[in-house]
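Visitor: I'd like to learn how to read disulfides in a model. Could you walk me through it?

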Amino acid sequence: LIQFLVLLGASYAAHGTVQAELETSAAGSADAARHAPVLPVEAAGQTPQEEVVVAGSRGSCSTLKSVGGTMYTVEVEVGTPEQAMDVVVDTGSNLLVVESCACRDQGFCDPANKCFREGHSSTLSLMDQGQGGPTTAILSFGSGSILTEVASDRVRVGAAVARLRRGLMLMVDRQLDFGGPFEGILGLGLPSSRDGPLALRIASHLGPFGGAEEASEQGFPAVQMSGAGSGGSSGGHSRGAPSIWGAQNSSAAAKRALEADLGFLGQAGVRRFSICFGGDDEADPGVLRFDPPAAPAALKSIGSMHWGLDFRGASVGASRARLDFCSAASMPHSQQTPCGAIPDSGTTFIMGPEDQLAALTEGICDGWPRCSSNYTAMAAAARAGERAILERYGANPWDLRPLRKALVFETLMRDCESWLDEGAGLEELPPVQLHLADDTGAAVVVTLEPRAYAVSVEEREKRIAYRSAPGEGKVPFGYEYTGRTLWVCRAAFGVLDYPTVRNGPAWILGMPIFRSHVVGFDVSKEPPTVSFTPGPCGGDCARGTALITPRAPVAGRARRPHRIHGPPRVPRVDIGQPL
């Protein structure tokens, strides 16, 4: 979920010294050609000669590849001739971000990644910031920022082709670690509007400030400026002139240019799309479809910044009773919904407030006989121990209590290897039902089976460490790592505190939703809608099979959870913004 801090102006001369060296030492090379001012530059209020072209988006199907079980990517072709990159499919952001080869060449990005060579595309144009240089934009994530140039070029995803005007963000530097391979993001978020995140960011930064200062605040080195009013340059290379946000005559045109729909969906004329994720291997990929048949039942999006839904709590197993959170009965009068929910394909886990997640895991424990019986036995033992202490000492200074139910659940999940091969395996856990609605009274129950919300992660093994104490012998004093790793199970839940004024606490419905459902998004409706079709992903773009097809169960698959290789991908949301 990218949040945007738009800097129209100062170039990324944060890397001036390196760029200058590239230009002087690699004259005639592709890098020198890229840094020379030969790329087309379009003014903020100018329309490129090549208009938007859309080809074959209806029914377009693209295969999604799992990257370590933490995210899914789709192949995107950019430029003329086409350059292919694998980018994250992300319904939580709205722009197409690709890694520029300048980032890799200068050592700021991973050399193993594929990247976009700007000088090799005959259809690329960079957006002019008002004084002859490219527009730069800082895209802010929860864990850091990336520096990009705003560009236009031809883009193809599957059979959908468009010239993406000012919606192509070329990453030239970064101040964060993506935790694995990263070549870009295909933003499929809520289409931009006057109330969208980009328009809001532009409006809030119309005051006079310089690009150098803003870049410095974001962790990028100071920009070497050149041009009128800059005092000249002292050895640093500059791609452009100072930010036009200080020039009121230019900022209005730039603001109008960027208030248009910058995303691929709008510019490619895509009316609907759907996403589903398969298993962990190439034989069971995910699928992204453009303009599939309309879903029979859909909920209106209530979000102004994100795909947002009215979240009315959860129930577990066969019980119809909802757990004690996100209840309409306890909703303050100032709110429109008790909680909010954002379906986000770019987030690995389901995330929500800590207290509500604890209530959910306790509910799962109650519906899981193994967990509830362990907790009951532990509680009985604690009561018996307390009685014995009181009988012997007349007081209980140790305050014996059983483990919290949520902790019992977590402990049993971590010890899954001891019970996964018994009975039903993973399926002995109960399903979880999420209750979603909209303001028309329509309601949908999204059911997550255990294999959707349980995962396996790799951890370093540790054991109790002992040391010798005079007169006591060996006593435990903590833990030490053994040097080995082991796989443990856990629920695919994570803590996120995202309060909103109108919609209460917001949850992020990440990859587990897309594993168990085909999630559809319809941007042709006003407001846009979201749908959930249960069933395995099952689609095969190569063979042209149906979106949801029955498939024979794989022996032993239900017993084992999906494996997560590496850190989970977390949402990049500005928790100060509304749903």
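Visitor: How many disulfides does a search of the whole structure find?

Guide: A disulfide is a covalent bond between the sulfur atoms of two cysteines. The search counts cysteine sulfur pairs within 2.5 Å, and it turns up six disulfides here. This is a predicted model: local features need pLDDT of at least 70, side-chain atom pairs count only at pLDDT 80 or more, and totals for chains, interfaces and linings use all residues. Residues are numbered from 1 along each chain as its sequence is written, and side-chain values use heavy atoms, with hydrogens and water left out.

Visitor: What about C326 and C339, right-handed or left-handed?

Guide: Their S-S torsion is about -85°, so that disulfide is left-handed. C326 lies in the loop between β15 (309–316) and β16 (339–343) and C339 in strand β16, so the bond ties together parts 13 residues apart in sequence.

Visitor: Are C326 and C339 buried or exposed?

Guide: Buried means under 20% relative accessible area, exposed over 50%, partly exposed in between (1.4 Å probe, protein chains only). Both C326 and C339 are buried.

Conventions: Helix = DSSP H or I, 4+ residues; strand = E, 2+ residues; numbered from the N terminus.
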